[in-house]
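Work through the exercises below with the structure open beside you. Each task is followed by a solution in steps.

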Amino acid sequence: MATSLGANTYNRQNWEDADFPILCQTCLGENPYIRMSKEKYGKECKICARPFTVFRWCPGTRMRFKKTEVCQTCSKMKNVCQTCLLDLEYGLPIQVRDTGLDIKDDVPKSDVNKEYYTQNAEREIGNSDGTRPVGLLGKAPSSSEMLLKLARTTPYYKRNRPHICSFWVKGECKRGEECPYRHEKPTDPDDPLADQNIKDRYYGINDPVADKLLKRASTMPRLDTPEDKTITTLYVGGMGDTISDAELRNHFYQFGEIRTTTIVQRQQCAFIQFATRQAAELAAEKSFNKLIINGRRLTVKWGRSQAARGKEAFQDGVSEMGTRLDPVPGLPGALPPPPALEEDAPINYFNLDPGTSPNVMNISLPPPPGINPPPPGFGAPMFHMGSMGPPPPMGMRPPGHIHYPSQDPQRMGAHAARHGD
């Protein structure tokens, strides 16, 4: 049906003419220098069906070309990227974000109601400063614990990879390495993630990605408070080389008085000790799976006492850093404990035969090198061991007596010298 000139002019005034798209960091790519093509009124929005300016670009090397899918009005109403339709603040699907913020924004789906709703949203956007979302999203609380746990803090450039080559799957691709598509095995067609719809993503219903994230949020671990009330130390991991002691103190001082902060640069972790247990519990509750400093998500856990740390590491095979140590194949098992010794049993230090009780042991030692052996009659030096037994022979001198050969009466010349006197 033909429309009047006035109606056509009015509709043209509502068409979007933008100079730059609204994109997330992942869709924009890691290259700071990027070339975009701009096509004025190139396509109609997949949500409101109004023509808008389409931008097309390549986010990086060996990546597929991307383009904007919805107009900027629909993007601003939901605060999402024009291409992937994920939230610009958390990087999550709309269904997950609305569940975390406990809001329910029902956008009309019929043509007339949708047009009326869009015009009211444009009026509200025009009256705002453009820095905050409009509608129910602008009135929602600023953050949510679940969203902070699930939020993506770094871009996920793997999402920009090319699609799988259908000719390669059938064995008919002849391009080889020059093929711009991926030569990989496709995923299971029964996988729910293989069937995604852009309108379901925008309206926040039946989104398989959102269902997967919500199930993950329901099974997330919690930080249990230790029973030992003397523990007031928190472990902070995954720091990297850019986070300083002052930045840690600036975050944790709001929970209570800090006694000490210790940074272990080699393991890229830190230990924050509070003056009171109450302050440590508050810091652990507010920082677990929520702490982000300099764009890095940090791990927060309770510290352990020295006795418990050594005991758990011995029993569970876990190192001090919390990593599980796998057993090394080929090593023998643990040695059995030594047998209990009776108190009255004699201690045999020399492993002698218990049937015999030698009281005397003569150990002959050879003379040191360079020294002549003693003359006949003077045997090798002997060592007497034991306190019982027959007396030593005459040729041996008891310990403590020093023998001088010049004073021996049987020495040659000694008799003649005595008669000369």
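**Exercises on the largest pocket and one leucine**

The lining of the largest pocket holds 16 nonpolar, six polar and 17 charged residues. Here Ala, Val, Leu, Ile, Met, Phe, Trp, Tyr, Cys and Pro count as nonpolar, Asp, Glu, Lys and Arg as charged, and the others, Gly among them, as polar. The model is predicted: local features need pLDDT of at least 70, side-chain atom pairs count only at pLDDT 80 or more, and totals for chains, interfaces and linings use all residues. Residues are numbered from 1 along each chain as its sequence is written, and side-chain values use heavy atoms, without hydrogens and water.

**Exercise 1.** State which residues lie nearest the centre of the largest pocket, and which element gives the most to its lining.

*Solution.* 
Step 1. Of the 39 lining residues, R159, L193, Q196, R201 and V209 lie nearest the centre.
Step 2. The elements giving two or more residues to this lining are β3 (66–67), α9 (198–203) and α10 (208–218).
Step 3. The most comes from α10, with four residues.

**Exercise 2.** Decide whether L101 is buried or exposed.

*Solution.* 
Step 1. Buried means under 20% relative accessible area, exposed over 50%, partly exposed in between (1.4 Å probe, protein chains only).
Step 2. L101 has a relative accessible area of 7%, so L101 is buried.
Step 3. For the whole chain, buried residues make up 29% of the 421 residues.

Technical notes. 1 Å grid on protein atoms, 1.4 Å probe; cavity = no way out; pocket = protein on both sides within 12 Å on 5 of 7 lines; lining within 4 Å.
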